[in-house]
Amino acid sequence: MSVAKQKLCHLLLDEVFGSRVAKVGRHLAKWEKCFLADLYQLDQPHECLGVLINHGLVTYGRDPRPTPGVQYEISLDQVIQTIRYPRYLYLIKALHGDNAELILEEVLRRGQETLPKIMEKSLNRIELDENLAKTHKQDLEKTFQTLVKEHFLQRAPHVGTNPEVPGSTVPILDETTRFHVPESIESCSSIYWCLNVDRFHVEFRNKILVSTVTRRIDETAGKLMEFILSLSGKKLEASSRHISITEIYANINKCIDLKLRQYKDHYLKVLEEDRTRFIDRVGDEGGGTYVVNFKHIFTVLGSAVVENVVQEKFNSKALRIFRVVRDKLYVEESQIQKLVMIPARETKLMTYQLLENNFIQVQELRKSLSANVVAKSFYLFHVDLNQVARMVQEMCYMSLSNAIIRKNHELQINARLLEKQDRIDSITSNINASEEFVSEEERTQQLEEVQDMLSPAEHDLVKQIRRCGDKLHSSLAQVDETLLVLELFLKL
Amino acid sequence: MAAVASKSDQGPAKIKVEANELAERILALCAEIPQGVNDKVLQASMPEVDPKSRALAINHLLTNGKIDLLQSERGLLYKARTSTSQVGTIKGDAEEKLVYKIIEEAQNKGTWIRDIRIKSNLVQTQLNKALKSLKSKKLIKDVKCVNSTRKIVYMLYHLEPDSSVTGGAWYSDQDFESEFVEILNQQCYRYLYQKLEKSRECTSGPLMAKNISQASSKEVLQYISELGISKIQLRPEDIEAILDTLIFDGKVEKTLALAEGEETRLYRAVESLIPVTGLMRMPCGGCPVIKECSDVGSVNPIKCSYMKEWLS
């Protein structure tokens, strides 16, 4: 549990749930496991814990030691995922439409919620908000069913007694009914639904792979990869299930891409032969069986991210040295110099810069272990990809924290100005909506007056602050993208 | 054999011919047994020859440098000299010959002056004199070694220095020509990238496109020589070394293919797997002081000048 990660979690909790919850979160992160009594010094610990538990960020269990009470534990990885909430919403909107977004928003807001409540809240919002299209309750329910069927939503683990530990209350998740919506709505009132984060990550993962294939080969190959991935299952696993060629062909024949239909064998071969091994042929039954080895692909992608970092942080020569060391596994300095074809002095400089920044490691091999002998030693350079990836992950955490801090700072110092702008905006919209004005002229005159409340310099400043905010927001999303690739690489 | 013995009685002109013949026989025997032959073996193989003329022939061979005399536990051994040394042909005193021999043994790798001194057991002044004399006769030459700036190695005049001494095609006067390498690197990539772009227009399937984008090292070499960038003639190995650097850059991939029973290396340009990753699009990714960045102190995100520059 690193400092950077804890800091980011605190900032995220502060942003999503407010400062009270953030404080409880920080306390939990600091002590790993806490009793409720430990939190009493904080403000409203019960409510804050409730919020965190509802969102699945805090788990609890009874300590096996004979101490009274239940211990609470925060999962920082889950907290960091809150940064992806906007992306989840965007994805679900693209896949299943506005209604799905509405439902998901309600679920995200509550953490977990029963079906009747979700319906009620969504319908209320539709009625209040003019911009939303009117829909029937049946349609909403249908969308909800689809979301569950597609595993985007799941039943929240309900609290029960664990038969193995007498007297304990632990969350129990029933695998069989996890993605099942009961027929009668009445029985739904006690079932809570929450997000299935892994399912969203599967979609993100597939998107990354399709864009990689498109970049590497061409669009048609990307399309083929999409078909194959759609058959690969809804779980986040190291390797997909076996996919037979007939299944893939059946999918291809449905599409209208003539090029893909004509050269389907060729495209499969190209995907298979690529160094990244987008698909692996595992058997010949039924004309050929393939699997997608996500673990391998994300190892390649993870190292591509690390390489990218090396290239941008240093230069392309450093990247060359880095890749030589990685390819040769263990290599001496003189061997590096021979292979990279860069002047010896520069090579040495870059190699040690990489070493200093922990992108490559050095391993000393001594001929003799005794200290007093003038022992000959070999110094071998090598790359520990896992370690480097974790380091880059830390960098991501830090960058995200910095972006959030900077964003909050920009908003804070210009709070008064932005408030003013907001007021002007609301007045403007009121004027536009009202029907009191007799003539258009009067209306425009009024509007101009309102606009003059801010000087031209202030107008420019507001624009600039907005631009800053957008830039920081988009970089948050971009860094998160890097983080996701690394996470998948380290997790799978 | 009896005929040969009877011939030895005839006139002095015949004796020389016979001595030559004998020398050749001894040489053939030595060549047959590369471990070396001793006196007894010689005697047994040619019992009819009297020891005196045998000794004469051996001396003749030794002075001509055709065989070597070696000491072993079995007594003296005669060994045919494998390399066609020319130490016998040079004029000069014994020291010069000795030094020449040592330098000759080092072949095109050259030998260092200290090694010569140790091997020859000569004093520095004597050695210097010998070297100077040999140099003036254009029998040896000195070559600057690429590994260390001050090291000079000696080798025979007519030899082409080994690439470990000169550093190969990439060195001129022991300087690494990084610009030359850089240009070749770029041009090789350009050639392969053009092929990749051409292959994108290919309409007969992805496999065909892939084949079009590939090029063997020979094709690349031909393109480079036609460009006329290089003053020296590059060998396929040289171009492969350049292509290897492109592989390490992650711009090119290598595949091995069998063509006409011969293994050929095929190279093709590839797009990188990912565009510039999100982390590096933000100043924090490339920040040199990110380790010092924290809430307290002068390095923090609020005061950060990189951030300010980026946001403005």
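I'll start with one residue: A:Lys5 counts as buried, because its relative accessibility is 16%. Buried here means under 20% relative accessible area, exposed means over 50%, and partly exposed is in between, with a 1.4 Å probe and protein chains only.

A word on the source. This is a predicted model, where local features need pLDDT of at least 70 and side-chain atom pairs count only at pLDDT 80 or more, while totals for chains, interfaces and linings use all residues. Residues are numbered from 1 along each chain as its sequence is written, chains are lettered from A and ligands numbered from 1 in the order in which they are written, and side-chain values use heavy atoms, without hydrogens and water.

Back to A:Lys5. Which side chain does A:Lys5 meet in a salt bridge? The partner is A:Asp77, at 2.9 Å from N to O. The two are 72 residues apart, with A:Lys5 in helix α1 (residues 3-17) of chain A and A:Asp77 in helix α4 (residues 76-80) of chain A. A salt bridge is a side-chain nitrogen of Lys or Arg within 4 Å of a carboxyl oxygen of Asp or Glu. Helices (H or I, at least four residues) and strands (E, at least two) are DSSP runs, numbered from the N terminus. A:Asp77 is partly exposed, at 43% relative accessibility.

How many salt bridges does the structure hold over all chains? The count is 40. In chain B, the side chains of B:Lys195 and B:Glu219 form one at 4.0 Å, N to O. B:Lys195 belongs to helix α9 (residues 178-200) of chain B and B:Glu219 to helix α11 (residues 217-227) of chain B, so this pair ties together parts that are 24 residues apart in sequence. B:Lys195 is buried, at 19% relative accessibility, whereas B:Glu219 is partly exposed, at 34%.

Helix α9 of chain B also holds B:Arg200. The side chain of B:Arg200 meets that of B:Glu271 in a salt bridge of 3.1 Å, N to O. B:Glu271 is in the loop between β11 (262-269) and α13 (305-311) of chain B, and the two residues are 71 apart. B:Arg200 is partly exposed, with 45% relative accessibility.

Chain A also has a network of salt bridges, which links A:Arg84, A:Arg87, A:Asp480, A:Glu481 and A:Glu487.

Now the strands of chain A. Two strands pair if DSSP finds at least two bridges between them. Strand β8 (residues 192-195) pairs with strand β4 (residues 112-114) over three bridges, in the antiparallel sense. Strand β5 (residues 153-155) is also joined to β8 by three bridges and runs antiparallel to it. A:Cys194 is the bridge partner of A:Gln112 and also of A:Gln154.

Elsewhere in chain A, an open, antiparallel sheet of three strands has the order β9-β11-β10. β9 (243-244) and β10 (280-283) are at the edges, each with a single partner strand, so each has one side without a neighbour in the sheet. Three bridges join β10 to β11 (residues 289-291), and A:Gly283 stands opposite A:Thr289.

Last, two residues with positive phi. A:Met341 is not a glycine, yet its phi is near 55°. A:Met341 lies in the loop between α15 (333-340) and α16 (344-356) of chain A, and is buried at 8%. B:Asn121, also not a glycine, has a phi of about 65°. B:Asn121 lies in the loop between α6 (113-120) and α7 (124-136) of chain B. Is B:Asn121 buried or exposed? At 70% relative accessibility, B:Asn121 is exposed.
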